[in-house]
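Biologist: Could you take me through this model? I would like to begin with the overall fold and then turn to particular residues.

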Amino acid sequence: MPRGQTLYTPGASPARRSVEQASARPLALLHQLPAWLPPLVAVALLITGLAVRGVVGAVALCLMAGLLAWLAFVSWPGLGSRGRLGRVLAIACVLAVAGWQASR
């Protein structure tokens, strides 16, 4: 972790503390990867989800939504209401497109 930053939310509920502790290792791994790799994986999931019809595309989009939801949950306490709304809308849109893609 960069100096001066903490991974855990002060005064968090036991459930939140548990998720934050489980997320510590994957977040540390993401921090060590080249800066271009996580966005490239996210773009690949998004393009695959939009380009491939049926279940395969829906699964790629659901993986993308899961990644977005996990990152939103971890960053939630530090966000304002607009940031929270934006993340919820992004996840909802990706899941809606995944549902549409699954029905094609």
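Predicted model: local features only at pLDDT ≥ 70, side-chain atom pairs only at ≥ 80, totals over all residues.

Biologist: What box do the C-alpha atoms fill?

Modeller: Along the principal axes, the C-alpha atoms fill a box of roughly 45 × 30 × 25 Å.

Biologist: And how much of the protein counts as buried?

Modeller: The protein has 104 residues, and 21% of them count as buried. As for contacts, among those with a separation of 6 or more, 55% are between residues 24 or more positions apart.

Biologist: Let us move to the largest pocket. What is its volume?

Modeller: The volume of the largest pocket is about 180 Å³.

Biologist: Which residues line it?

Modeller: The lining of the largest pocket consists of Leu-27, Leu-30, Leu-33, Leu-37, Pro-38, Val-41, Ala-42, Leu-67 and Leu-71. By class, nine of the lining residues are nonpolar, with no polar and no charged residues.

Biologist: Changing topic, how many salt bridges does a search of the whole structure find?

Modeller: The search finds one salt bridge. The partners are Arg-16 and Glu-20, whose closest N and O atoms are 3.1 Å apart. Side chains of opposite charge can pair when their charged atoms come close.

Biologist: Where do these two residues sit relative to each other?

Modeller: Arg-16 and Glu-20 are both in helix H1, and because they are four residues apart, about one helical turn separates them.

Biologist: Are they buried or exposed?

Modeller: Arg-16 has a relative accessible area of 11%, so it is buried. Glu-20 also counts as buried, at 2% relative accessibility.

Biologist: What about Ser-23, which residues does it touch?

Modeller: Not counting residues up to four places away in sequence, Ser-23 touches Trp-70 and Val-74. Ser-23 itself lies in helix H1 and is buried, with a relative accessible area of 4%.

Biologist: Now Gln-101. Where is it, and is it buried or exposed?

Modeller: Gln-101 belongs to helix H4, which spans residues 81-102. Its relative accessibility is 0%, so Gln-101 counts as buried.

Biologist: Which residues is Gln-101 in contact with?

Modeller: Leaving aside neighbours within four places in sequence, Gln-101 is in contact with Gly-49, Leu-50, Ala-51, Val-52, Arg-53, Gly-54, Gly-57, Ala-58 and Leu-61.

Biologist: How far is a polar atom of the Gln-101 side chain from the backbone oxygen of Leu-50?

Modeller: A polar atom of the Gln-101 side chain lies 3.2 Å from the backbone oxygen of Leu-50.

Key:
Residues numbered from 1 in each chain as written. Heavy atoms only, no water. 1 Å grid on protein atoms, 1.4 Å probe; cavity = no way out; pocket = protein on both sides within 12 Å on 5 of 7 lines; lining within 4 Å. Points joined across faces, edges and corners; volume = space filled by probe spheres on them. Nonpolar A, V, L, I, M, F, W, Y, C, P; charged D, E, K, R; others polar. Salt bridge = Lys/Arg side-chain N within 4 Å of Asp/Glu carboxyl O. Buried < 20%, exposed > 50% of the residue type's maximum accessible area, 1.4 Å probe, protein only. Polar contact = N/O pair within 3.5 Å; in protein donor to acceptor, adjacent residues only side chain to side chain. Contact = heavy atoms within 4.5 Å.
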